[in-house]
Structure formats: structure tokens, C-alpha cells
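Keep the sequence and the 3D view side by side while reading.

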Amino acid sequence: LPSLSLPSSMHLIQVDSVQRWMEDLKLMTDCECMCILQSKPISIEKDEQNELFLSSQYSTCDNLQLLLKRAWIISTELTRIAQKLEKNKWQRVHSMTVRVNCHVRSMINEYNTFNRNSSEEMHQFEKLLIEKCSEFTAFTERCIQTEDEQILKSMKSCVNETLTTVAQYFGQLIDLVLTHEAQNLMRQIELSDSVYITESAISSLFSLTQEGAHLCRIIAKEGGVVALFKICRQDCFRCLYPQTLRTLASICCVEEGMHQLEKVDGILCLADILTDNTHSEATHAEAAAVIAQITSPHLTFTQHLSSFLENMEEIVTALVKLCQEASSGEVFLLASAALANITFFDTMACEILLQLNAMKILLAACSDKHIVDTPYSRDQVVTILANMSVLDQCASEIIQGNGVQLLMEMLFERSSSGNSAEVAACERVQQKSAVTLARLSRDPEVADAAIKLSCIPRLIKLCRSPPERNNSDSVLVACLAALRRLAVMSPDGLEDSDFQQLVKPRLVDSFLLCTNMEESFV
């Protein structure tokens with residue numbers, strides 16, 4: 001239904017369908033009971049006692065999660081009603097409408113049980129939504145009582161319009177509720193001097209950020225970034241810095257969060273934390289995670305981070321030190337990811353890294369399998385090497401640190417689990433290692449080292465065998481480019497058929513040949 005606009009806050013984290021069913025089972029069975037009783041709540045105690053029991057049973061975070069689950073069910077049901085309506089399955093439309101009506105009433109009752117200071121605007125939307133749901137149910141009930149096609153056709157537009165209005169009221173009510181809860185959490189963080197209360201509020205806030213970009217926008221607009229950086233500037237809350245920074249990293253995935261970070265001099269605060277040796281490694285690692293988030297090359301709204309350039313040298317220096325002293329693979333991953341993103345963010349970063357002997361530190365870390373222990377970490381390292389390889393001075397550093405051997409090993413990167421994210425990381429590692437070889441092989445010494453390590457046969461195999469390159473076309477293009485560069489230095493290292501098919505033609509022709517190869521030809 002094109003006109004149906006469901007709230008974007010309902011796009012919750014995807015989980016296994018059986019797990020989702022298990023979690024929602026209680027809500028669904030409650031709903032069926034409510035259907036029979038025409039939405040009258042079951043209560044053998046007085047209302048006040050029942051409310052006290054419910055509100056004390058769950059924390060604020062639990063209540064919000066319950067609300068979001070109920071809202072997810074309603075959102076899903078509304079979508080399904082639209083689909084059934086298109087197919088004129090009136091009986092199903094009516095039964096689902098009754099179910100939505102019950103879920104809406106249950107959601108509102110549950111929310112008002114643990115929230116006693118709702119705004120007048122929220123109550124108004126609750127009333128409008130309940131009225132519109134009742135109207136919707138009445139409409140669909142009339143539809144199942146007639147079989148006249150003309151009458152049904154004329155009523156369908158009214159049902160469509162009512163469904164759209166229900167979805168709009170529902171979305172607006174959920175936004176009001178989430179905004180209200182975000183404001184409450186902000187007040188707790190800003191006004192409390194208790195570590196326990198502040199920690200609880202930040203934990204609830206972090207849980208909300210995990211529900212998607214829409215919630216992160218609401219939190220940013222309600223001053224979440226400002227409140228969290230205020231915590232990061234108070235020594236009495238030092239024990240909460242890691243948790244606070246982790247929440248900040250989540251909020252800064254949206255443009256509103258980035259703007260707020262710039263307004264409160266967040267970059268300067270992060271630089272101070274990273275360069276302060278009295279902070280724990282966990283705090284430094286989470287600060288690195290925020291840096292990695294705000295400098296991500298996938299974001300289109302990093303241009304306004306002018307203050308980052310002012311603090312870049314000390315941030316890069318601190319991150320290199322964190323990579324060198326990392327006690328775990330996770331810490332190294334966060335620090336190296338931040339460095340990798342910074343090399344995209346500004347070319348001056350590569351020159352700073354060269355001055356700091358970062359190449360030597362990263363290559364040494366790769367030899368420690370406890371530190372660089374996943375394709376994701378190797379992806380960050382090879383990204384930095386690829387971006388640094390545009391500098392002429394980089395070649396000698398690679399030779400001294402045995403970097404050509406590492407790049408050769410990365411051409412063999414394969415996923416051990418078959419997980420799609422890990423396979424994608426392996427593809428990136430292969431692609432970037434080939435790109436780095438192609439760039440560095442303009443230096444005869446690097447090219448000679450690569451040839452001696454049998455890089456040419458490996459590149460040929462990657463070109464000719466799709467499984468070897470994880471069936472990636474981007475890896476193929478990078479390998480063809482690297483092979484052509486090495487072939488110039490050592491034309492005798494290729495058989496004539498390889499030269500005629502992989503080197504001599506235009507790159508696009510070789511690419512098409514390799515992508516169309518039959519396995520029997522390989």
C-alpha cells in the first residue's frame with residue numbers, strides 16, 4: 001500500500017524467527033485473551049495494587065523493550081493488513097484488525113502503568129489512536145457482512161484511508177513516547193550525581209540506540225550527545241567513561257549526532273581522553289571506537305568536522321600507541337579501525353603515520369596471532385598499508401618490516417566459518433593486498449621481493465579460479481592490475497597463455513575472460 005507510512009523506529013534489529021516467536025509468544029497469547037474479553041484487562045486485585053506490581057517487576061529499560069516489542073508486532077500486523085487488503089481477503093483483514101485493536105490498547109495500558117506523567121499531547125494521541133482503531137474494526141466488520149462486490153469496492157478506499165490514518169497516529173504516538181523517555185533519561189544523566197543512577201540511565205540509553213537510526217536521531221535531538229560529553233568531562237564519573245563513550249559511538253552514526261558532537265567540542269574531549277595516560281585501556285579503546293565511527297568513509301556528513309584536523313596529529317599518535325600496546329584483539333581492532341578511517345579522511349594522516357613508524361608497528365602486530373586474530377583486524381591493517389602505499393617513502397618501510405611477505409599471505413585470506421560478514425572481510429583483505437602490491441611494485445626492490453615470494457603464480461590463480469578469490473569481481477580487478485605491474489618487471493615469470501589472456505589485452509577484456517571462464521578451463 002503506497003500511502004501506508006509505518007514509523008521507521010519500528011525497524012528493529014533482525015533476529016532469528018524462532019527466537020522472535022518465543023519472545024513474542026506471551027504478548028500474542030495475552031492478546032488472544034484480551035480479544036475474548038473485548039480488551040478488558042484481567043485483574044483480581046485493585047487497580048492501584050496491580051499497577052504497583054507491574055511497575056516494580058520491570059526496570060525502565062525492560063518496560064521500554066516490552067513497549068518496542070509490542071510496537072514491532074503492531075507495525076508488522078499493519079503491514080500484513082495492507083497486503084491482505086490488496087488481495088480482498090476481508091475475513092483475514094477483519095481478524096487482524098481486531099488483533100491490532102487489542103495490541104494497541106494493551107500497549108497503551110502497559111505504558112501508562114509504568115509512566116504516570118505523560119503529556120497532554122500524548123494522551124490526545126492515545127485517544128485518537130484508540131478511536132481510529134475502533135472505527136477501523138467497525139469498518140472491516142461491515143465488510144465481512146456483505147458479499148456485494150460493488151459495495152466492497154466502494155468501502156475499500158475508506159478502509160485504506162483509515163488504515164493509513166491508524167499507521168500515522170501510531171507512528172506519531174510511538175515517536176512521542178520515545179522522545180518522552182529520552183528526555184527522562186537525559187534529565188537523570190544531567191541532574192544526578194549518583195554513579196549508580198547515572199550508570200542505569202546510560203545503560204537504558206545505550207539499549208535504545210541499538211534499536212536503529214531513528215531512535216539515535218531522537219536521542220541526539222533531545223541533547224543526548226551534550227549530556228554524555230558532560231559525563232566524560234567529570235572525573236567523578238571516570239568509571240562510566242567506557243560505557244558513556246560506547247553510547248556516544250552509537251548515537252554518532254546519524255548526522256544529528258555528529259552536529260551535536262561538533263557543537264560541544266567533542267573532538268577535543270576525545271583527544272584529551274586518548275592522550276591522558278591515566279585512563280584505562282578500555283576507556284582509550286572506546287574513545288577510539290567513537291573516532292572510528294565519526295570518520296567512517298561510509299558516512300556522507302563528515303565534512304563539517306573541521307576541528308578534527310586541528311587535533312589529528314595527537315589523535316593519530318595516541319591511536320598508534322594504542323595499537324602498539326593493545327592487550328587484546330578487540331582493542332587493536334578498534335584502534336586500527338580508527339586509523340584506517342582517518343587515512344581516508346585526510347591524506348596528511350599517512351605522512352604522520354610514516355613519521356611515527358606506524359608501518360613497523362602494524363607489521364609487527366600482524367605477527368602476533370593473539371592481537372591480529374581475525375580477517376576484520378587484517379582488513380584494517382591492509383587498508384592503512386594500501387592508503388600509505390601512495391607515498392614513495394613507504395616502499396623501504398615495507399621491505400624492512402617484511403611487509404611483502406605479509407601481503408602475500410593476505411592473498412590467501414579465506415573464511416573459516418563461512419559467515420557472510422567474514423567472507424566479505426576476506427574479500428576486502430585480498431583486494432586491498434593486491435592493490436597495495438600493485439602500488440608498491442613501482443619500486444623495483446618491492447617488485448623483486450614479490451616475484452621471489454611467488455606472487456605472480458598466486459595472482460594468476462586468483463584471476464583464473466573464482467573460489468580462490470571468494471567469487472569477488474573486485475578482487476579480480478585488483479589482481480589483474482597487480483599482475484600487470486609485476487609482469488613488466490618479470491615478463492619471463494608468466495607462461496605465454498597467461499600473458500596472452502591476462503596481461504596483453506585491455507584490462508576489461510581480461511576481466512570479462514576471467515569472469516566467463518568454465519571450471520574445466522582452469
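Helix α18 is mostly covered, with 13 of its 14 residues buried. From first C-alpha to last, α18 reaches 20 Å, close to the 20 Å expected at 1.5 Å a residue. The model is predicted.

**The chain as a whole**

The secondary structure comes to 26 helices and zero strands. The chain has 522 residues, and buried ones make up 51% of them. Take the contacts with a sequence separation of 6 or more: residues 24 or more positions apart account for 75% of these.

**Helix α16 and its cover**

Helix α16 spans residues 348-355, and its buried residues are A349, C350, I352, L353 and L354. What lies over them? The cover includes α14 (306-325), α15 (329-345), α17 (358-366), α18 (375-388) and α19 (394-400). So α18, itself mostly covered, is among the helices that cover the buried residues of α16. After α16 comes N357, with a positive phi near 60°.

**Cysteines**

How many disulfides does the structure hold? The count is zero. C394 is in no disulfide; its nearest cysteine sulfur belongs to C350 and is 8.6 Å away. A disulfide is a covalent bond between the sulfur atoms of two cysteines. The cut-off used here for such a pair is 2.5 Å between the sulfurs. C394 is buried, at a relative accessible area of 1%. C350 is also one of the buried residues of α16. Elsewhere, C102 is buried, with a relative accessible area of 4%.

**Helix α5**

Helix α5 covers residues 120-144, which is 25 residues. Its end-to-end C-alpha reach is 37 Å, close to the 36 Å expected at 1.5 Å a residue. The buried residues of α5 are M122, F125, E126, L129, K132, C133, F136, T137, F139, T140 and C143. An α-helix has 3.6 residues a turn, so residues three or four places apart point the same way.

**Two helix pairs**

Two packed helices are described by the angle between their axes and the distance between the axes.

Helix α8 (residues 213-221) and α11 cross at roughly 30°, and their axes come within 8 Å. The angle is under 35 degrees, so α8 and α11 are roughly parallel to each other. The crossing of α8 past α11 is left-handed. On the α8 side the contact is made by R217, A220 and K221; on the α11 side, by E256, G257 and Q260.

Helix α4 (residues 90-114) packs with α6 at about 20°, and the axes are 13 Å apart. α4 and α6 are therefore roughly parallel to each other. Their crossing is left-handed. From α4, the residues W90, M107, I108, Y111 and F114 take part. They meet L152, K156, V159, F170, L173, I174, V177, H180 and E181 of α6.

| Residue | State | Relative accessible area |
|---|---|---|
| L261 | buried | 0% |
| H180 | buried | 9% |
| L66 | partly exposed | 28% |

L261 sits in helix α11 (residues 255-263). Which residues does L261 contact, leaving aside neighbours within four places in sequence? They are V225, F229, C252, G266, I267, V290, I294 and L305. One of these, V225, is 36 residues away in sequence, with 6.3 Å between the two C-alpha atoms.

H180 is in helix α6 (residues 149-191). Not counting residues up to four places away in sequence, H180 touches Y111, N115, N117 and M122. Y111 belongs to the α4 side of the α4 and α6 contact. H180 is buried because its relative accessible area, 9%, is under the 20% cut-off.

L66 lies in helix α3 (residues 60-86). Is L66 buried or partly exposed? L66 is partly exposed, at 28%. The C-alpha atoms of L66 and E110 are separated by 8.7 Å, while the two residues are 44 apart along the chain.

Conventions. Residues are numbered from 1 along each chain as its sequence is written. This is a predicted model: local features need pLDDT of at least 70, side-chain atom pairs count only at pLDDT 80 or more; totals for chains, interfaces and linings use all residues. Side-chain values use heavy atoms; hydrogens and water are left out. Helices (H or I, at least four residues) and strands (E, at least two) are DSSP runs, numbered from the N terminus. The expected span of a helix is 1.5 Å times one less than its number of residues. Buried means under 20% relative accessible area, exposed over 50%, partly exposed in between (1.4 Å probe, protein chains only). Contact means heavy atoms within 4.5 Å. Axes are lines fitted to C-alpha atoms, for helices over the stretch in contact, and angles run from 0 to 180 degrees between N-to-C directions. Angles under 35 degrees count as roughly parallel, over 145 as roughly antiparallel, 65 to 115 as roughly perpendicular and the rest as oblique. A crossing is left-handed if the near helix is turned anticlockwise from the far one by less than a right angle, and right-handed if clockwise.
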